[in-house]
Amino acid sequence: MNRGVAIWRCVKCRTGFFPQRLLCSRCHGDTFEEDRVYQAVVEEISTIRHMLGQTDWQPRRIASVRTSDGQRITVGLTDESEPGTVIELFEENASPFGAAKK
Amino acid sequence: MPSRPSVDRPIGASAVERDGLLDVDVLACRGGRDDLRFMQAVRRSQDDRVHIPIREELLVAVDQRQLLAAAEVFSRRARAGVGEHEAQVFALALHRCDQRAPPASQSYDRGTDHVSIVRASRGWDRYHRPWLDRPLSRAMTVRLTSGPIPLNALPGKIMYTNAAIIGVGQSAYTRRPQPGQSTHTFIRDAVVAALVDAAIDPREVDGMAVASFSLAPDAAIDLAWKLGLSLRWLVQDTNGGSSAMNMLGHALRAVETGAASVILVTGGDATGLGGYAKVAANFNIATQLHLAPLGHGGPNGVYALVTSRQMKTYGLQKSDYGQLAIAQRAWAAHNPYAVYRAAMTMEDYLAAPLVADPLSRYDCVPVVAGAQAIVVAHPDRCPDGRAPVRVRAHRASFNYDNQEGDGLQTGISTFAGELWRAAGVDPADIDVASIYDDYPTMVFAQLGERRFPLNTWGGMLSAGQPGGPAGGLNGISEAVLQLQHRAGARQVEAARLAVTTGYGMTLYRYGATAAAAVLERLE
């Protein structure tokens, strides 16, 4: 588990992106540097109760969050955070997760 | 009738507008019954100069330079209020261009007129063999009038006059494909049905477009081989829920420009539920890396979040989505191909188990195995006694906002006004609508507050979604059946205009491809 979530920041205009892009959609710069964001606010949540092709699926929570840098990303929630909650972000194998800030 | 200015003005090396007449050199014609009328008129002429009222559906082909010069004249006349119809007639004329007109295919924008210069299709001589024996260069005079033009009774620009949908077909739909059934066999069944419907011999097919999530490792060429089709135009589209609309656009342009004359547009899938789960988890790199490991539930999870956002933004209740699902189920009761036809009440809808909050069972499109096909060809190829369906306008959008919005609009928002203007109709003119409906949320996102008889085959929510690609073709097919007045118990009375949409390819947070078309019953 890594603290924070990697984003890719355009060297030219400093806009941060997640997931990674090839050209910046704002200035079309082609050089990015990796940066990290550590916090986000939960905007919408869902509980995935059924998964096609799975018979022993355990419900999981996901959320659309807005990071402190402005990106809207989808994370797995590892607690019962509700919309409006400030969460801390972390990564597992390049996938973003979050839980309420302690 | 508006007064016409009297002018004598050169508009090209050998084209002159004079007192309401346009003198041009005619090189050749191609096409169908309209050109036959033109040719009959030419044959009646005594001195290689003919005067043909627009009411006789004049269509004329001239060379590229003259077309461009004449386009200027027609545009000026249209802007001066002499008559919008004249510009339309000219656009029609351009679509009857000589096969010798260089270059092979070009497009020009001249003011409000979109002008295509095209190469005639292989096979045009079948219709105009006598014409081949005549001198190709001859002078003629076009009489301009501003009277009604039968082919263009509605104002606006017509994108496609030589291409129309002439037949539709589909396979059976099933939730669980049986041994021996595959994507290929479902597509075969749909193709056979469409060709029978269009009264087209397979040997006449010279173009095909296909889209499928489960055709691999085969590709379009493998399908052509296995269907025994020798083609000169072949496309494979990978844009999911808008693939059908994309392929329709490609096919129309191909027939219009002569790249092919009879095109099969088909799509289908038979992944089974487990197979679809694999498709959903490996939809693209972003999904593989950043969504599937969360257990995001495929598109159900993505659109659950979009639905929550939509409910919050517009103050919608769960029952608002239920109204749509229930209405479509009522239509499905009259569709023998629909996988769910039993009537549904609001109590049924609200009691359904949650799949991905707030989406419950009846909000999530049921994955089925099946396929659809349509046939695009010159309208004259439409079986006798049946109205071909023309596309008045077609627009598409890809990655319209870089996934930086809220997903409550679609790429349709970038071209909706342009689509209606190009079609020359208003939303209020539409008789029936096929709106891509993998989730009720996305129907609202595409439709806004407009009201039409909607998804009259039951929509994918009740009839089933045979993969995203064919999932768009079923909406087009239903619109065609409605406009041809062949929809049986589902028939919308005197349907004449339809709108169809496609939406798909969830890149990360919502769909990134969208397309729409206005279809018209061609009398």
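Helices of at least four residues and strands of at least two are taken as DSSP runs, numbered from the N terminus. In these terms, chain A of this predicted model reads along its sequence as β-β-β-β-β-β-β-β-β, and its secondary structure comes to 0 helices and 9 strands. Of the 102 residues of chain A, 47% count as buried. Among the contacts in chain A with a separation of 6 or more, 40% are accounted for by residues 24 or more positions apart.

In chain B, two helix pairs were examined. Two packed helices are described by the angle between their axes and by the distance between those axes. Helix H10 of chain B, residues 299–314, packs with helix H14 of chain B, residues 440–447, at an angle of about 55°, and the two axes lie 9 Å apart. This angle makes H10(B) oblique to H14(B), and H10(B) passes H14(B) in a left-handed crossing. On the side of H10(B) the contact is made by B:Tyr303, B:Val306, B:Thr307 and B:Gln310, and on the side of H14(B) by B:Thr441, B:Met442, B:Phe444 and B:Ala445. Sorted by class, the residues of this contact comprise 5 nonpolar, 3 polar and no charged.

H14(B) is mostly covered, with 7 of its 8 residues buried, namely B:Pro440, B:Thr441, B:Met442, B:Val443, B:Ala445, B:Gln446 and B:Leu447. The elements that cover these buried residues include, in chain B, H10, helix H11 (318–332), helix H15 (459–463) and strand E17 (497–506). Just after H14(B), B:Gly448 adopts a positive phi of about 70°.

The second pair consists of helix H5 of chain B, residues 183–198, and helix H6 of chain B, residues 220–227, which pack at an angle of about 60° with their axes 11 Å apart. H5(B) and H6(B) are therefore oblique to each other, and H5(B) passes H6(B) in a right-handed crossing. In this contact, B:His184, B:Ile187, B:Arg188 and B:Val191 of H5(B) meet B:Leu223, B:Lys226 and B:Leu227 of H6(B). By class, the contact of H5(B) with H6(B) contains 4 nonpolar, 1 polar and 2 charged residues.

B:Asp237 is placed in the loop between strand E10 (233–236) and helix H7 (243–257) of chain B. With a relative accessible area of 7%, B:Asp237 is buried, because the cut-off for that class is under 20%. Leaving aside residues up to four places away in sequence, B:Asp237 touches B:Val210, B:Ala211, B:Ser243, B:Asn246, B:Met247 and B:His250. One of these, B:Val210, is 27 residues apart from B:Asp237 in sequence, yet their C-alpha atoms are 6.3 Å apart in space. The side chain of B:Asp237 makes a polar contact with the side chain of B:Ser243 at 2.7 Å, and the side chain of B:Asp237 also reaches the backbone nitrogen of B:Asn239 at 2.8 Å.

B:Glu520, for its part, is found in strand E18 of chain B, which spans residues 511–521. At 5% relative accessibility, B:Glu520 likewise counts as buried, and its side chain makes a polar contact with the side chain of B:Arg392 at 3.0 Å.

Conventions
Residues numbered from 1 in each chain as written. Chains lettered and ligands numbered in written order. Predicted model: local features only at pLDDT ≥ 70, side-chain atom pairs only at ≥ 80, totals over all residues. Heavy atoms only, no water. Axes fitted to C-alpha atoms, helices over the stretch in contact; angles between N-to-C directions. Parallel < 35°, antiparallel > 145°, perpendicular 65-115°, else oblique. Left-handed = near helix turned anticlockwise from the far one by under 90°. Contact = heavy atoms within 4.5 Å. Nonpolar A, V, L, I, M, F, W, Y, C, P; charged D, E, K, R; others polar. Buried < 20%, exposed > 50% of the residue type's maximum accessible area, 1.4 Å probe, protein only. Polar contact = N/O pair within 3.5 Å; in protein donor to acceptor, adjacent residues only side chain to side chain.
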